Every structure is written in structure tokens, then in C-alpha cells.
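Morning, everyone. Please bring the structure up on your screens, and I will walk you through it.

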Amino acid sequence: MIARAAAGDRAAWAGLVERYLVAIAGYAWYMLGDQAEAEDVAQETFMRLMGKIPGWDAAGSASLKTWLYRVAINQCIDRRRKNVPDLMETLPEIPVGGAGETDARFDEMRAVAEAVGRLPERQKMVLVLVYYQGFTNGEAAELMSLSVEAVESLLSRARRALRATLAPLRADLLGRN
Amino acid sequence: MNDDRELDRLLDTLKPPAPSETLQARLLRDFAPMAAAPAGAPPSPTVWRRSGPLAVAAALVLAVGIGILTPGQRLASNIRSDVYDVVPADEEDVVREVFAEAPPDSAAFMVATFSLGGRYEDGTPGESGFEGLPLD
């Protein structure tokens, strides 16, 4: 598909966008907490891919997925160094249900968003890659240039921190029931 | 909390929004792999479709009214700082590109101006009489 896109095949390019755009934009959203910033990252990532594919060496290059994530990861790091966005500004819309249920779900999302947003950079990166994006620990380690053991440690610390941060929420939810 | 499944359930409540259709459309529209320029080469200029004289006149009047354009001066340097406050986040890049690069007699400029005019709510001309128009 890369070779066809490199030859100017729009359908092949559309296939690449369809296959990877949601994942790349999603990664950036979790890391930056802002949809506009996430879309900027996704757009820049694909524009760089557009410039890269004419000379893409399938045998010598990293996998396309790995390459895309590396570009997105670096952009997110650069953007987070420039500013610290507020994940709460762009919480996705919550489907309308019963009033009480909606309030409870919003409270949950708010608390989770805040807890994830407060994680240290590398813990959050590992959590997003492994938990939300489905990478194995080994794949995340390769992406982050870390050992598998370091990834496991970061993930464990992230989950421990989240459990501690979210414990009051769980108690509150239990109290409502 | 000492239950991993409960933590997983909470984490699952946080889902990213889908990428906007504007972004997807832009990525497909701008596809040009063979045009990848060598490092340092200037980007290819965009060809802007021109509007008819009546539409141009209406757009220019509205643009002056809402502060996008000051007669006799370059366009990009005269946009009021609060103009983009009324632009949806997923359209801001497109609008910025239009006002920075599109000539005032282009169709893109006209549509973007009317769109802004329809959203403006600070009492300037253009507050009423226009509906927001899609930029694409």
C-alpha cells in the first residue's frame, strides 16, 4: 500500500489514512488533552509521511506503524514542553441517558481525565501506548527506547498512582449505590 | 482502590473524540507524494479560484466591517486579534490559511468572510443577515 501511495495512488493513501489516523490522533489526544492540538499532530505526522513515502525503504525502514508513532510521540513531547493543556477542556460528549447516570459518568470521566493528566510524562506515555493503544510492553519499549523492564515498571507505577488518585471516586460511587 | 478491573473500567470511560471530517478531508485533498519538495525548496503556491465582482464587493464590505480587512493594507497583518475567537477549533487552520494567503477576490476568502460574519456577535456589521457557511 505504501508503494502504491508513493506512486500517487489516492485510494492507497486514503487507505493509510483510514488505517492509522484514528490511532495517531487518539494517542495525541491522550497525551495533550486537546483535540485541536491532537489534530495538528496527526496532520503533521501524515504530512511528513507524505514526504517520506516516495523514498520509503520497506526493507530497511521501521514498520510504518512504528514510524508514525515515533513522529507523533516526538511532536507531543515538543508540544507539551511548550505548554500544559487542560484535558478537561475537551472531554468528549457523553451520550444522554438518565440524569443521574449521566452525572455519575461525567464525574467518572472528569476524575479519570484529571488523574491521567497528572501522571508524569513517561508513565502516561506507557499507559497510553499499552492500555489505550494496545501495544505490547516490548513494542512500547522499542518505541520509547527503553528496556521492557523499564516499561513494566512505568506501567506499574502509573496504575498504582491512578488507583491511589481515584480511590476517593470509587468510595463516592459506592456511597451512591 | 485495589481492584485492577475497577481501574480498567474507569480508564475505559476516557475515549478520544474521532478526528474531524475536516482533518480527514484535508489529508486526502493535500495528497501529493510525488510533489514532495527537497529540503529548502519553497512550497508550491496554492491556486485560488476567483469570485465574481458582486460577491467580491460584498465580501470586502463585510470583511472591513468585522475587522478582517483594513483598506489599503496587507490582509494578514490586519486581522483583529479576537476574530478567531468565533472560529470552531477544527476550522481555525483553514480560516487562518485563507486570510493569510488567499487574495480578497477569491472564492475561499468570500466564503470564509461570510462564515465569520455569520458567527460574529459583538455588534459589528455582519452580526446578522448571514448564516455560517461551510469552508470546504
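Start with a definition: helices (H or I, at least four residues) and strands (E, at least two) are DSSP runs, numbered from the N terminus. With that in hand, chain B reads α-α-α-α-α along the sequence. That is 5 helices and 0 strands in chain B.

Some ground rules. This is a predicted model, where local features need pLDDT of at least 70 and side-chain atom pairs count only at pLDDT 80 or more, while totals for chains, interfaces and linings use all residues. Residues are numbered from 1 along each chain as its sequence is written, chains are lettered from A and ligands numbered from 1 in the order in which they are written, and side-chain values use heavy atoms, with hydrogens and water left out.

Stay with chain B for a moment. Chain B has 136 residues, and 38% of them count as buried. Buried means under 20% relative accessible area, exposed means over 50%, and partly exposed is in between (1.4 Å probe, protein chains only). Chain B exposes about 7700 Å², with 55% of that supplied by carbon and sulfur atoms. Those accessible areas come from the Shrake-Rupley method with a 1.4 Å probe; for residues, only the protein chains shown count as cover. Now the contacts, meaning heavy atoms within 4.5 Å. Take the contacts in chain B with a separation of 6 or more: 62% of them join residues 24 or more positions apart.

What about charge? Side chains of opposite charge can pair when their charged atoms come close. We call it a salt bridge when a side-chain nitrogen of Lys or Arg is within 4 Å of a carboxyl oxygen of Asp or Glu. Chain A and chain B have 4 salt bridges between them. One salt bridge joins B:R9 to A:E108, at 2.8 Å from N to O.

Over all chains, the structure holds 12 salt bridges. Look at A:E37 and A:R79, with their closest N and O atoms 3.1 Å apart. A:E37 lies in helix 3 and A:R79 in helix 4 (residues 64-82) of chain A, so the pair ties together parts 42 residues apart in sequence. A:R79 also forms a salt bridge with A:D40, at 3.9 Å between the closest N and O atoms. A:D40 sits in helix 3 of chain A, 39 residues from A:R79. A:D40 is partly exposed, at 27% relative accessible area.

In chain B, B:D30 and B:R29 meet in a salt bridge, 2.9 Å from N to O. B:D30 is partly exposed at 29%, and B:R29 is partly exposed at 44%. Elsewhere, salt bridges that share partners join A:R159, A:R163, B:D4 and B:D8 into one network.

A:T45 is in helix 3 of chain A. Buried or exposed? A:T45 is buried, at 0% relative accessible area. Beyond its neighbours within four places in sequence, A:T45 has contacts that include A:I24, A:W67 and A:Q75.

A:M125 lies in helix 6 of chain A and is buried at 5%. Leaving aside neighbours within four places, A:M125 touches A:Y27, A:M31, A:I73, A:I77 and A:M144.

Finally, A:S145 is in the loop between helix 7 (137-144) and helix 8 of chain A. A:S145 is exposed, at 66%. Its phi is positive, about 55°, although A:S145 is not a glycine.
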